[in-house]
Amino acid sequence: MRPVRAVYANALKIAVVAILSVPAVASLTLDRKPGEENRALASLPPMPRSLDAGLKAPAAFSAWVNDSFGYRAALVALNNRLRFKLFREFPSDMLIAGHNDRYFLAKHVPTWVPALGIAQVCGNMGKPEADTQEYFNALFADFAAAGLHPRLLIVPSAPVLYPADLPASLAPNCSRSDTPAAVVLASPRLNESARAQIFYPLEEMRRIKDKATLFPKTWFHWTGEGLDEVARLSLEHFWPRNGAPGPALKVGSTVARSDMSHLVPGIELVGNIVEPDLEASGIKACFGALCIPELGDAGQVLGDITRFTNPAAPARRLVILSDSFGSKVSPWYARYYREVAQVSTNNVGALRPDQVAAVRAALLNDPAGTDLLLLFHDGSAVHNGIKLGVQRLHAAPAAIDGRVNGL
């Protein structure tokens, strides 16, 4: 009888160990996306080769086990989802839940202090980079020397347009009009000629958002029917002589996943998105690296590229050099131009010199028939986003080295 009991007991032990080992085995086979928790997960430590490394090995091995245990990603997502459903609480301080079901991107880098991304664009909290005015002066002077006369549209971001939806600690400063972008424009250090080329439609967009969507409640980027009005206002401000536009664009709406959902595994943020129906509007559209073949392999580096052709619009080209806000508004400009070509400059720093030359040749090759629009959101505009993205396209190489090294 005892052997039977012993076999039964041992079998039970083996079964318990097997059950407990399932997650560990699964961790070796399940496809877990790295970095989805907004941090670097611990890696398996190497074999210790010194006394000091041996003393540190147990803690390092425990950290790896904790981060590699099977079903971790699923359990983290479940925890995030429960906290959000029960307490409307995000697991990451990169997002803030505001009022009226609106969510804000609180910061762009995980290591930044909380809410820095919001503070950077709001009055009495954010300050522009010290040399922003001088860079704007140089930007317009360099382009003018090359026979180009760009305009700069600085897009107010969600915190300054919807301050009432922010937490009470942030709302008063974001309600102000003396934002960092406004401070730059009012500075006597900014040349009058440069100031005349810049449009920062803060008050205009505060009025537009009361009647049309500019920022869906779950999005960081702007999108919505309000962008049509902003495009029209910017062209009236910069180039009123462009001629009669083509017919109004037809629009469509869809429910889309938020551009911030990837920051919070397990929490699916969605929103209703209104965009031009380009096919119904008779506009040929292209999205992606191959849309401007003249860029060559530089297009693969830049990546975020859009191009539109509208035979019903005036026979002129618009080139948009932008941050990530550019591709969201570029189709709305297709009503006013035969061709619209938009290129994000976020990856310009990765281009080889010959690729920079290819970008210049492809986009800045027809000053007489091209309008050049620089389009950046307010945080990017006054915190070196334009400088890091556009400077290599307008300044001489020696000047670029000097200014970048001075950052």
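## Exposure, rings and charges

User: Is His149 buried or exposed?

Analyst: The relative accessibility of His149 is 52%. Buried means under 20% relative accessible area, exposed over 50% and partly exposed in between (1.4 Å probe, protein chains only). His149 therefore counts as exposed.

User: What kind of model is this?

Analyst: Residues are numbered from 1 along each chain as its sequence is written, and side-chain values use heavy atoms, leaving out hydrogens and water. Local features need pLDDT of at least 70, side-chain atom pairs count only at pLDDT 80 or more, and totals for chains, interfaces and linings use all residues, the model being predicted.

User: Which residues does His149 touch, not counting residues up to four places away in sequence?

Analyst: His149 sits in the loop between α5 (132–145) and β3 (151–155). Helices (H or I, at least four residues) and strands (E, at least two) are DSSP runs, numbered from the N terminus. Contact means heavy atoms within 4.5 Å. With residues up to four places away left out, His149 touches Ala144 and Leu372.

User: How far apart in space are His149 and Leu372, C-alpha to C-alpha?

Analyst: In sequence, 223 residues separate His149 and Leu372. In space, their C-alpha atoms are apart by 7.0 Å.

User: How many aromatic pairs are there, and how are Tyr162 and Phe215 arranged?

Analyst: Rings of Phe, Tyr and Trp (its six-membered ring) pair if their centres lie within 6.5 Å; planes under 30 degrees apart are stacked, over 60 edge-to-face and the rest tilted. A search of the whole structure finds eight aromatic pairs. Tyr162 and Phe215 have their centres 6.4 Å apart and 80 degrees between the planes, an arrangement that is edge-to-face.

User: How many residues apart are Tyr162 and Phe215?

Analyst: The pair links distant parts of the chain. Tyr162 is in the loop between α6 (158–161) and α7 (171–174), and Phe215 is in the loop between α10 (202–208) and α11 (226–238). Their separation in residues is 53.

User: Why is the pair of Phe287 and Phe308 edge-to-face?

Analyst: The ring centres of Phe287 and Phe308 are 5.6 Å apart. The planes stand at 80 degrees, so the pair is edge-to-face. This pair, too, links distant parts of the chain, 21 residues apart: Phe287 in strand β7 (residues 284–287), Phe308 in strand β8 (residues 305–309).

User: Which residue lies over the face of Tyr162?

Analyst: Ring pairs link Tyr162 with Phe215, Phe220, Trp222 and Phe325 into a cluster. A charge sits over a ring if NZ of Lys or CZ of Arg is within 6 Å of the ring centre and within 35 degrees of the ring normal. At 3.6 Å from the ring centre of Tyr162 is Arg102.

User: What is the N to O distance in the salt bridge of Arg102 and Asp165?

Analyst: A salt bridge is a side-chain nitrogen of Lys or Arg within 4 Å of a carboxyl oxygen of Asp or Glu. The side chains of Arg102 and Asp165 meet in one, N to O, at 2.9 Å.

User: Are Arg102 and Asp165 buried or exposed?

Analyst: Arg102 is in the loop between β1 (95–97) and β2 (103–105), and Asp165 is in the loop between α6 and α7, 63 residues apart. Both residues, Arg102 and Asp165, are buried.

User: Which residues are linked with Glu229 in a network of salt bridges?

Analyst: Glu229 and Arg232 both lie in helix α11, three residues apart, about one turn of the helix. Their salt bridge has an N to O distance of 2.4 Å. The network links Glu229 with Arg232 and Glu236.

User: How many residues of helix α16 are buried?

Analyst: Among the buried residues of α16 are Ile386, Val390 and Leu393. The helix (residues 385–394) is largely enclosed by the rest of the structure, because its buried residues out of 10 number eight.
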